[in-house]
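Subject: Structure handover

Hello,

The structure is below for your files. My notes on it follow.

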Amino acid sequence: MDRKMIVEVNGKRFTAALEDNEAVDALLTMMQEKPITIQMTDYSGFEKVGALGTSLPTSNSQTTTQSGDIVLYQGNQIVIFYGSNSWSYTRLGKIDDLTGWKDALGSGDVTVTFSD
């Protein structure tokens, strides 16, 4: 099964292929009720971080991320990457087509909506 979600950054839409894990299952259940909109803050010039408002199941492992990766940090924060970092995360998904991704994220804070 090819699971996808829509990631909308400041009005620009991207699709993401989702991982097969408990965190993604919980996220999809949340999105069935309504899209999830998160205010995300720029961190260190390579990622945007935002609080989910609830905790999801974790399966953390040491990961080196790439642009387009979407991960769960500390069980309750979603991180989207436009650069690379190595840390312990639960993988959620990856943007399918990075065309315009870095430009959409810009250099400051962004509003991101996740929907199915």
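Contact here means heavy atoms within 4.5 Å. By that criterion, and leaving aside neighbours within four places in sequence, Val7 is in contact with Lys12, Arg13, Phe14, Ala16, Ile70, Ile95, Trp101, Val112, Thr113 and Phe114.

This is a predicted model, in which local features need pLDDT of at least 70, side-chain atom pairs count only at pLDDT 80 or more, and totals for chains, interfaces and linings use all residues. Residues are numbered from 1 along each chain as its sequence is written, and side-chain values use heavy atoms, with hydrogens and water left out.

Core: a nonpolar core is a set of buried Ala, Val, Leu, Ile, Met, Phe, Trp, Tyr and Cys residues joined through side-chain atoms within 4.5 Å. Buried means under 20% relative accessible area, exposed over 50%, and partly exposed in between (1.4 Å probe, protein chains only). The largest such core has 29 residues, and Val7, Ile78 and Phe114 have the most contacts inside it. Helix H1 (residues 22–33) supplies the largest share of this core, 5 residues; helices (H or I, at least four residues) and strands (E, at least two) are DSSP runs, numbered from the N terminus.

Salt bridges: there are 7 in the whole structure, each a side-chain nitrogen of Lys or Arg within 4 Å of a carboxyl oxygen of Asp or Glu. In one of them, Lys94 pairs with Asp69, with the closest N and O atoms 3.1 Å apart. Lys94 is in strand E8 (residues 86–95) and Asp69 in strand E6 (residues 69–73), so this pair ties together parts 25 residues apart in sequence. Asp69 is buried at 3% relative accessible area, whereas Lys94 is partly exposed at 34%.

Regards
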